[in-house]
Amino acid sequence: MPTTNEPALFSPTRIGAIEVANRIAMAPLTRSRADKNGVHTPLAIEYYRQRASAGLIVSEATNISRQGRGYAFTPGIYTDAHVEAWQPVTAAVHEAGGKIVCQLWHVGRMSHVDLQANGAAPVAPSAIQAGELIFLETGKQAPPSMPRALETDEIPGILEDYKNAARCAKEAGFDGVEVHSANCYLLDQFVRDSTNKRTDQYGGSLENRTRFPVEVITAVSEIWGPERVGVRLSPLTRSAGDTPLDSDSQGTYGFYVQRLGKLGLAYLHCIEGQTRGVNAADAFDFKALHAAYGGKYIANNSYDRQMAIDAVASEHAEMVSFGRPYISNPDLVERLRRDAPLAVPNQATFYGGGAEGYTDYKTLDETVAS
Ligand code: 8OZ
C-alpha cells in the first residue's frame, strides 16, 4: 500500500467508470506486430500482461475497418478473428490487476491504395494528399495515396463502422474505448481547417468541423456509456512533420473540448506538443484546454518522473501517460515509485518483427537478478 507521504501519482483513482490502481497510464504505442489481416499473435498477450501494473493501458491504435487502415501489421477490432485475438490480451491484463481500453482508429487520408480493399483510394474530408510516409506490407515505405473526399451520404456508414468496432471491443473484454482524434488522422482531419475544405454541414464553421468527431464519440458512447469512453487529441502535432496545424489551434481545440465536456466522458487525453517530441506547454495553454473541457484529463508527451508527480499534485492532470518509456520498462510504475533508472528502448525494433524489442525487456528485479 502507498505510504501517506508517497506522491498522489501512485495512488488509485477513478477515471469515468474505470477504477485505476495508480495515475500512470501506458500511452497507445503502434508496434506493427499483428498479422496482415490485423489479427494479433499470442505475443501480444505477453506484451500487454507485462505492462499491466499501469493504472490504465491504452491499446495501440486499432483499426475500426479495412478502410480505416493505413499501416501494415496494425491490429483491427472489426471481425470475429480480431475479437478472438484480443480476448486473451484483455483477460491477461485483468488477471494481472490492470485495466485496458481499446484505441479506435481510422487513419483517413494516411493510407495507401495497396492497403485498401480492391486498391480503393483512402478517404478524407477533402481530397488533399498527406506528405508523410507510411509502411506497406512489403516493408517498403511510401507516401500516402491521393485521398477521395467523402460524400456526405457516406458519413452514416463510417459511424456504423465505429459502432461495430465499439461493440467488438466490448466483446473482446476491454474496460472501455479511447477514440483516436489526434495525430492528423481522420477525425483530426475533420477538425483542422488545413485539411477540411468541405462545404456541407461537416466543413466550414467550428460547429461543422467538430460535428463528425462529436457524432463518432456520441455513437460510441451509446454502446459503452460515456463514462467508459475517452478521447485523445494533439492540437500541436504535424504528424511526421508535414501536416499543417489548424489556423487557430487554441480556439479550435478549445471549442471542440467544450463540446466534449458536455458528453460526460471518462477523460480527455492530450498530447502536449508534437507527438514524440518535446512537451510544449509554453506554446499552447493546455491548462486552459483542460479548463474548457472541465472533466478528467490525462497528460502526455515527454513527461519525466518529477513532471508527472507535479502534474498530478497540482491537479493539472488526473493521470499522466508514458509512451516510449513503456516500450523498454514493462514495470514503469515500480521504477518511477523507486526512482530507479529507466531502460532506453531500441528504435530499430519499434515497428514490426517478433519478440525482440517487444516482450524481452526486463523488469528492474529481473535486471538485478541477472
Ligand atoms: C507511429 C507509427 C504509426 C502510427 C499515431 C497511430 O501516431 C499512430 C502511429 C504511431 O497515433
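At what angle do helix α3 (residues 155-171) and α6 pack, and how far apart are their axes? The angle is about 35°, and the axes are 9 Å apart. Keep in mind that this is a predicted model.

**α3 against α6**
- This pair crosses in a right-handed sense.
- On the α3 side, the contact uses Ile155, Ile158, Leu159, Tyr162, Lys163, Ala166, Arg167, Ala169 and Lys170.
- Facing them from α6 are Phe212, Glu215, Val216, Ala219, Val220, Glu222, Ile223 and Trp224.
- Sorted by class, the α3 and α6 contact residues come out as 12 nonpolar and 5 charged, with no polar ones.

**α6 against α7**
- Helix α6 (residues 211-224) also meets helix α7 (residues 249-261): their axes come within 11 Å and cross at roughly 25°.
- Angles under 35 degrees count as roughly parallel, so α6 and α7 are roughly parallel to each other.
- The crossing of α6 with α7 is right-handed.
- Arg211, Pro213, Val214 and Ile217 of α6 touch Tyr256, Arg259 and Leu260 of α7.
- That contact between α6 and α7 has 5 nonpolar residues, 2 charged ones and no polar ones.

**The buried side of α1**
- Helix α1 (residues 43-50) has Ala44, Ile45, Tyr47 and Tyr48 buried.
- These residues span an arc of only 165° around the axis, so they sit on the same side of α1.
- An α-helix has 3.6 residues a turn, so residues three or four places apart point the same way.
- The cover over the buried residues of α1 includes β3 (24-26), β4 (56-58), α2 (80-95) and β6 (100-105).

Definitions and conventions:
Residues numbered from 1 in each chain as written. Predicted model: local features only at pLDDT ≥ 70, side-chain atom pairs only at ≥ 80, totals over all residues. Heavy atoms only, no water. Axes fitted to C-alpha atoms, helices over the stretch in contact; angles between N-to-C directions. Helix = DSSP H or I, 4+ residues; strand = E, 2+ residues; numbered from the N terminus. Parallel < 35°, antiparallel > 145°, perpendicular 65-115°, else oblique. Left-handed = near helix turned anticlockwise from the far one by under 90°. Contact = heavy atoms within 4.5 Å. Nonpolar A, V, L, I, M, F, W, Y, C, P; charged D, E, K, R; others polar. Buried < 20%, exposed > 50% of the residue type's maximum accessible area, 1.4 Å probe, protein only. Arc of directions from axis to C-beta.
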